[in-house]
Amino acid sequence: WGWKPAFGRRCMRELMALLAPVLAFAVAWGVTRVCCRPGSWLYFLDQPNARSLHVTPTPRTGGVGVMAGLLAGGVLVGVGGLGDLPLGAALAGAGGLALVGLADDRVGLSARLRLLAQVLVAGGYLALLGTSGAWLEVLALGVGLVWMGNLYNFMDGSDGLAGGMALFGFSAFAVAAALAGEEGLALVSAGVAAAAAGFLVFNFHPARIFMGDAGSVPLGFLAGALGLAGRESGAWPLWFPLLVFAPFILDATVTLLRRALRGERVWEAHRTHYYQRLVQMGLGHRRTALLAYALMAGSGVGAVLALSVGFSLQCVIITMCVFLHLVLGYRIDTAWRRHRIGAQTP
């Protein structure tokens with residue numbers, strides 16, 4: 001009779017592995033669909049302005065659907081006995097940031113208040129994670145978590161872009177965690193990817209709804225938080241999540257540094273990200289998203305493959321991925337200069 005409890009636990013784990021992403025997708029799809037309805041109390045419109053890429057008022061509460069889906073999947077993972085403190089803390093932190101983001105989407109909050117909430121969540125997560133190392137390292141990780149949330153928000157400005165990054169990025173996390181034997185991390189990551197897919201049904205061009213702060217900031221935080229959870233568990237080194245999310249990290253970071261060097265107010269909205277310039281140059285939302293998906297998929301596959309090879313080949317793969325991003329950035333910069341000259345020529 002001793003084999004029955006073990007067999008039952010194994011069956012429960014297999015059931016959770018199957019149902020958690022399915023539930024995350026279904027809940028995200030259903031809640032996002034409700035948010036698209038004008039009669040819904042979650043129907044907050046994003047009005048177009050001079051710095052927007054859209055021209056018609058569009059609801060911006062799709063992040064509620066994403067968060068509802070991934071939290072539902074996370075609860076199922078916990079019920080299956082596969083959750084642990086770092087994963088629960090990551091989901092709880094994302095849930096808190098989602099509430100702050102929803103309040104900002106509804107009534108508007110000051111930048112200082114939003115930043116304070118992000119710092120508190122990042123600090124609390126690192127404390128619960130029990131991150132070891134010198135205080136400078138812990139400080140750098142905290143800054144990195146806050147930056148991930150903000151850069152994800154900066155990159156949420158074109159149809160299907162932020163949702164696609166979540167789909168490809170967290171899918172890479174799920175595959176790598178599964179290969180490392182980290183079932184809980186794999187299921188939570190798969191749930192985030194599935195929730196993003198449920199949202200993308202309504203967000204791919206022409207978008208019926210946007211993600212908003214309620215989704216973009218928590219997803220960025222989760223990218224960093226689950227990346228650190230994987231590092232602490234031994235599933236991957238720190239370079240892995242950085243490479244997986246390189247398309248967003250490099251675009252946002254390079255753009256921010258350039259604006260800072262030009263003396264611009266980096267916290268204000270603008271239209272100078274690489275993806276924004278592609279849309280403005282005529283590539284459009286759909287083709288920009290598809291190009292970004294190819295880059296995201298390549299970064300994710302390259303990162304997963306690099307985990308299974310030696311140090312020398314890892315360096316080659318990482319260098320190739322960074323070089324590809326640099327080449328694309330250079331070509332977009334060159335095309336943008338020509339575009340601006342052409343626009344100024346009578």
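These legends accompany several close-up views of a predicted model. Local features need pLDDT of at least 70 and side-chain atom pairs count only at pLDDT 80 or more, while totals for chains, interfaces and linings use all residues. Residues are numbered from 1 along each chain as its sequence is written, and side-chain values use heavy atoms, with hydrogens and water left out.

**View 1. Helix 3 and helix 4 pack roughly antiparallel to each other.** Helices here are DSSP runs (H or I, at least four residues), numbered from the N terminus. The angle between helix 3 and helix 4 is about 175°, and their axes lie 9 Å apart. Axes are lines fitted to C-alpha atoms over the stretch in contact, and angles run from 0 to 180 degrees between N-to-C directions; over 145 degrees counts as roughly antiparallel. On the helix 3 side, look for residues including Leu 85, Ala 89, Leu 97 and Asp 104; they belong to a contact whose helix 4 members include Arg 114, Val 121, Tyr 125 and Leu 129. The residues of this contact divide into 11 nonpolar, two polar and two charged. Nonpolar covers Ala, Val, Leu, Ile, Met, Phe, Trp, Tyr, Cys and Pro, charged covers Asp, Glu, Lys and Arg, and the others, Gly among them, are polar.

**View 2. Asp 104 and Arg 114 meet in a salt bridge.** A salt bridge is a side-chain nitrogen of Lys or Arg within 4 Å of a carboxyl oxygen of Asp or Glu, and the model has seven of them. For Asp 104 and Arg 114, the N to O distance is 3.4 Å. The pair links helix 3 (residues 85-107) to helix 4 (residues 111-129), with the partners 10 residues apart. Asp 104 is buried at 12% relative accessibility, whereas Arg 114 is partly exposed at 26%. Buried means under 20% relative accessible area, exposed over 50%, and partly exposed in between (1.4 Å probe, protein chains only).

**View 3. Glu 137 and Arg 231 form a salt bridge between distant parts of the chain.** Their closest N and O atoms are 3.4 Å apart. Glu 137 sits in helix 5 (residues 135-154) and Arg 231 in helix 8 (residues 213-233), 94 residues apart. Glu 137 is partly exposed, with a relative accessible area of 33%. Shared partners join Glu 137, Arg 231 and Glu 232 into one network of salt bridges.

**View 4. Phe 168 lies in helix 6 (residues 161-179).** Phe 168 is partly exposed, at 28% relative accessible area. Leaving aside residues up to four places away in sequence, Phe 168 touches Tyr 293, Met 296 and Ala 297, where contact means heavy atoms within 4.5 Å. Phe 245 is 77 residues from Phe 168 in sequence, but 9.0 Å from it in space, C-alpha to C-alpha.

**View 5. Gln 276 is buried in helix 11 (residues 274-307).** The relative accessibility of Gln 276 is 5%. Its contacts, not counting residues up to four places away in sequence, are Leu 53, His 270 and Arg 271.

View 6. A disulfide is a pair of cysteine sulfur atoms within 2.5 Å, and the count comes to zero. Cys 35 is buried at 0% relative accessible area, while Cys 315 is partly exposed at 31%.

Key:
Helix = DSSP H or I, 4+ residues; strand = E, 2+ residues; numbered from the N terminus. Parallel < 35°, antiparallel > 145°, perpendicular 65-115°, else oblique.
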